[in-house]
Amino acid sequence: MESSNSDKIPSGNVSDYDRKTELKFFDDSKLGVKGLLDAGLTKIPRMFINDQHETHTSPVSPASPEGVPIIDVKGMDKDAVLRSQIIKKVGEACEKWGFFQVVNHGIPEIVLNAMIDGVRRFHEQDDETKKAWYSRDSQTKVRFSSNFDLYKARMANWRDSLSCLMAPNPPLPEQLPAVCRFVNTFFNGFQTFSYEKIIKLKELPRNPANKNLDLAFLRWYGLTDEKKKHSLRDIVMEYSEQVVKLSLTLFELLSEALGLHPNHLKDMGCAEAVVLMGHYYPACPEPQLTLGASSHTDPDFFTILLQDQMGGLQVLHEDQWLDVPPLPGALVINIGDLLQLVSNDKFKSIFHKVLAKNVGPRISVACFFRAPYQQDNNITLYSPIKELLSEENPPIYRETTINEFLTYYNSKGLDGKSSLPYFKL
């Protein structure tokens, strides 16, 4: 967006306000929130002013002994007693908090850092390149947009997003933005090295002054694998594969925490669709007036969130907003609406939001796990799991399909209200 156009979007103190025109101008720019900041705006447009922010600004005191649970899953596959203890912790976290952080999950920290850096590079590339990815078609496998609910929500959020539909039919690596490629993230021109030269690099001592030749990375990436001789995998593909593997473990733990067979949730198709969202929250000139993400719950079974060290994520716990401080190497897990529905309210889908800040950007990567959109001849109904029901615990929700649930959720946008009451009996 050119600086000369910045005045065309009215700021919050303009009295003659045409919201429809403002939204269309913003959408047509195809540059998102970062485009506004790059244009030199010092006051945010009225479309971003969020009345929720006036009533939910104070997190719980940092001195509070309570916080989102942190669960260490290291070694649970080798120790049955430890696994039982972890299952208990997961169940308690899902019932009381709806959120927990998981550490020692098996995804190398270098992959986490590369994923964050790849998202940053996408959002900070030149305008014309980024605009080519802009779309509001939710069925497009890879797209850039800002505010999926732009024309439905009462107020827009101060963030941009890169969306990738990673399952059940993932995009080909060449269909992903080149700027996100792992090789571009960590090696300046390293992709031109021959396989034989890379092998020789493995024999070099680690050079603290040059992280590009970090032996830990070379070993982790498995360069001796025949399949990886001639190319390095795209970081989006690599991270997605590893996070899906982690999700299958989490589905087992969640199933067992509900007293079910470890494969119960997987057999229901809960892990068959994965949507990866790379969020970019630019610095905001008036953070007290808006939010990075309005108060909402997620329309999935659960979400795995990778966040950088900027902070800003808050959860609503016992009617108070509580910070979820970044923990290096950790991933945040939150229960979604669909898991609360099928668990008949045993597990809770909790409201959460992201604060806007005058520093930034904040970067996060959310992977949403749900069932795929269904065709008319292949409909799966979701309702409270029968094994969890009894005379004392009758079903709370009616049957629904993933299509109906997502259609309803998207129709109202992030309005600060749960979608679940609509599906109650």
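First, a term I need: a residue is buried under 20% relative accessible area, exposed over 50%, and partly exposed in between (1.4 Å probe, protein chains only). I am working on a predicted model, where local features need pLDDT of at least 70, side-chain atom pairs count only at pLDDT 80 or more, and totals for chains, interfaces and linings use all residues. Residues are numbered from 1 along each chain as its sequence is written, and side-chain values use heavy atoms, with hydrogens and water left out.

**Entry 1: the sheet**

I took helices (H or I, at least four residues) and strands (E, at least two) as DSSP runs, numbered from the N terminus. Two strands pair if DSSP finds at least two bridges between them. I looked up the strand order. Eight strands form an open sheet, ordered 1-2-10-7-12-5-4-3, with mixed pairing. Strand 1 (70-72) and strand 3 (142-145) are the edges; each has a single partner strand, so one side of each lacks a neighbour in the sheet. From one strand to the next, the twist averages 25°. Angles run from 0 to 180 degrees between N-to-C directions, and the axes are lines fitted to C-alpha atoms, for helices over the stretch in contact.

Strand 3 pairs with strand 4 (residues 160-167) in the antiparallel sense, over four bridges. Val-142 has Cys-164 in strand 4 as its bridge partner.

**Entry 2: helices on the sheet**

Contact here means heavy atoms within 4.5 Å. Helix 4 (residues 80-96) packs on the sheet and touches strand 1, strand 2 (99-103) and strand 10 (331-335). Its direction makes about 160° with that of strand 1. Helix 10 (residues 235-257) also packs on the sheet. Among the strands that helix 10 touches are strand 5 (273-281), strand 7 (302-307) and strand 12 (362-370).

I checked the length of helix 10. Its 23 residues reach 32 Å from first C-alpha to last, close to the 33 Å expected. The expected span is 1.5 Å times one less than the number of residues. Just after helix 10, Gly-259 takes a positive phi of about 85°.

**Entry 3: charged pairs**

I counted a salt bridge when a side-chain nitrogen of Lys or Arg lies within 4 Å of a carboxyl oxygen of Asp or Glu. The count comes to 14 salt bridges.

Which residue does Glu-252 form a salt bridge with? The partner is Arg-83, with the closest N and O atoms 3.3 Å apart. Glu-252 sits in helix 10 and Arg-83 in helix 4, 169 residues apart. Glu-252 is partly exposed because its relative accessibility is 22%. Arg-83 counts as buried, at 15%.

Glu-95 forms a salt bridge with Lys-346, the closest N and O atoms being 3.2 Å apart. Glu-95 lies in helix 4 and Lys-346 in the loop between helix 12 (337-342) and strand 11 (352-355), so the pair ties together parts 251 residues apart in sequence. Shared partners join Asp-77, Arg-83, Glu-252, Glu-256 and Lys-266 into one network of salt bridges.

**Entry 4: the core**

A nonpolar core is a set of buried Ala, Val, Leu, Ile, Met, Phe, Trp, Tyr and Cys residues joined through side-chain atoms within 4.5 Å. The largest has 71 residues. Phe-100, Tyr-239, Leu-254, Ile-304 and Leu-331 have the most contacts inside it. Helix 10 gives the most to this core, with 11 residues. A second, separate core of 18 residues includes Leu-165 and Val-275.
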